[in-house]
Each structure stands twice: as structure tokens, then as C-alpha cells.
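Please keep the structure open beside you as you read.

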Amino acid sequence: MVTTLEFRRPGVDLRAAEDAAADLLEALGLDLAHESVAATPGRMVRALAEMLSPTDFEMTTFPNDEGYDELVLVQDIPVRSLCQHHVLPFVGVAHVGYLPGARILGLSKLARTVEYHSRGAQTQERLTQRVAEHLRTALGAKGVGVVIEAEHTCMSLRGARVPGSRTVTSALFGRLRDDAASRAEFLALTRSGR
Ligand SMILES: Nc1nc2c(ncn2[C@@H]2O[C@H](COP(=O)(O)OP(=O)(O)OP(=O)(O)O)[C@@H](O)[C@H]2O)c(=O)[nH]1
Ligand SMILES: [Zn+2]
């Protein structure tokens, strides 16, 4: 099981959210009287609730019987999250790696950890740190590294309007932070798609 996310109150009231969404859209000048948009506040709330609700999972690990001591890296894990300032999506990829200790992690759990922490409204910086911290705590690895590259729609679709710009963040622990060769190898592998 995984830890509770920060910046989140317990309890979701979908009914209250739907009423508020209808008020919001009408206050912004949308006419919800027409049949084709009458259900829009409910859809909007369900879509947001889905993006804000993480799903728990088991962090399956296995004994590192062969003593594998090189980098394990999963590249291009999709990231979809919401920025906490505008509640607009930011979308991109994560590259997540670790140097195993006594145990290795089920590979899908790297992607599940990213997905778990992506559900919410946050900064990209905090998302990157949360994924790395989660893996560090759960795995007892000798090193953990996370790089996220994402486009923030609050920056590309409105405001500064800079489509195609990517924000790159990283969080490194242990040997991937402190050992120059391991750090360089990890960062070089995460740059291969850029
Ligand atoms: N550090 C950080 N900033 C973010 C993230 N997502 C959005 N922001 C920024 O949050 C800031 C909010 O700035 P404000 O000036 O309060 O909001 P705004 O008037 O909508 O700003 P503009 O986006 O520049 O139009 C903006 O600069 C966004 O680009 C993120 O993940 N990390
Ligand atoms: Zn934003």
C-alpha cells in the first residue's frame, strides 16, 4: 500500500461538485439549458474526479537472487496530471530508474508509481520528487532517479501560449545523485529521446 497524498482533503462530494460546476459554467456565460449540454457539469466533475483520484496498488518486489547491480530504467512512461495553479493538464513522459539493492521491483510498478502520483493537482517538481521518494522508501535501492518531461497546457493553450515547450524536472537519490559516473549514465539514458 502507498502513503496518503498531500494537499488533499478526505471525502469527495460529487453532487456538490456537479452543482458548483453548473454554477461555474453558467457564470462564465455558457447556457446549459440545451439538452446536448445539460449533462456537461456531471461529465466535467467525473472527468476531474478521475484525474484527482489515485488508485492503490501493491509494490511487488522480488529477491535480487542474481545480485543484479546495474541500472534498471523504464523510459517514456506516460504522465498526465493537473497543475495546481490552473487545474489544467500537463502531459508528457517519465523516465524512472534505480540501482537495485537486496530486492528488485516488478517493472510495471515503476509505471504504476508514476500513475499513482500523477493523479492530483500539483507542480511537476513535486510530482517528480514524490515518485522518487516513494521508490526510495519502498525499495531500499542503492539509487533512484526520476526525470519528467512535460508540456503544460496552461502555458501552451493560454497565457504565455508556447506550444511545444517542455519542462524537464529530475529527482535523484543515493548513488544516482552522488556518484558522478552513475549519475551521468542515468541522465544520458533519459536524454535518448530528446
Ligand atoms: N513551478 C511550476 N510552475 C507551474 C507549474 N504549472 C504551472 N505553473 C506556473 O504557475 C504560475 C502561476 O502564475 P500566476 O501569475 O499566478 O498565474 P497566471 O496569471 O495565470 O500566469 P500566466 O500563466 O503567466 O498567464 C505560472 O507561471 C505557471 O506557468 C508547475 O508544475 N511548476
Ligand atoms: Zn498551470
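## Around the ligand

Which helices each supply at least two residues of the shell around ligand 1? They are helix 5 and helix 6 (153-156). Please keep in mind that the model is a predicted one.

The residues that surround ligand 1 are C83, H85, T123, Q124, E125, H152, C154, M155, G159 and A160. Sorted by class, this shell holds five polar residues, four nonpolar residues and one charged residue.

## The chain as a whole

Stepping back, the chain contains eight helices and seven strands. Its C-alpha trace spans about 65 × 35 × 25 Å along the principal axes. Of the 194 residues in the chain, 28% are buried. Among contacts with a separation of 6 or more, 68% come from residues 24 or more positions apart.

UniProt lists residues 18-190 as "domain: GTP cyclohydrolase I", in an unreviewed entry. In the model, this span is 42% helix and 28% strand, and its end C-alpha atoms lie 41 Å apart.

In soluble globular proteins, nonpolar side chains tend to be buried together. Here, the largest nonpolar core has 26 residues, and those with the most contacts inside it are A94, V131, V144 and V146. Two or more residues of this core come from each of strand 2 (72-83), strand 3 (89-99), helix 4 (108-118), helix 5 (124-139), strand 6 (143-152) and strand 7 (167-174).

What does A94 touch, once its neighbours within four places in sequence are left aside? Its contacts are I77, V79, V114, V131, V146, V147 and I148.

## A closer look at Y98

Strand 3 also holds Y98. Y98 counts as buried because 28 other C-beta atoms lie within 10 Å, where 20 or more are needed. Apart from neighbours within four places in sequence, Y98 is in contact with V72, L135, L139, A141, G143 and V144.

Helix 8 (residues 180-190) has buried residues at S182, F186 and T190. These three cover an arc of only 65 degrees around the axis, so they sit on the same side of helix 8. The face turned away from that buried side carries the exposed residues A180, A181, A184 and A188.

What do the buried residues of helix 8 pack against? Their partners are strand 2, strand 3, strand 6 and helix 7 (175-178).

Most residues other than glycine have a negative phi.

V87 has its place in the loop between strand 2 and strand 3, while R161 is found in the loop between helix 6 and strand 7. Are these residues buried or exposed? V87 is exposed, because 12 other C-beta atoms lie within 10 Å, and 12 or fewer is the cut-off for that class. R161 counts as exposed too, with 9 C-beta neighbours inside 10 Å.

Conventions:
Residues are numbered from 1 along each chain as its sequence is written. Chains are lettered from A and ligands numbered from 1 in the order in which they are written. This is a predicted model: local features need pLDDT of at least 70, side-chain atom pairs count only at pLDDT 80 or more; totals for chains, interfaces and linings use all residues. A nonpolar core is a set of buried Ala, Val, Leu, Ile, Met, Phe, Trp, Tyr and Cys residues joined through C-beta atoms within 7 Å. Helices (H or I, at least four residues) and strands (E, at least two) are DSSP runs, numbered from the N terminus. Two residues are in contact if their C-beta atoms, placed from the backbone, lie within 7 Å. UniProt positions are given in the numbering used here, feature names are shortened, and annotations may be inferred rather than shown by experiment. A residue is near a molecule or strand if its C-beta atom, placed from the backbone, lies within 6 Å of it. Ala, Val, Leu, Ile, Met, Phe, Trp, Tyr, Cys and Pro count as nonpolar, Asp, Glu, Lys and Arg as charged, and the others, Gly among them, as polar. The arc is that of the directions from the helix axis to the C-beta atoms.
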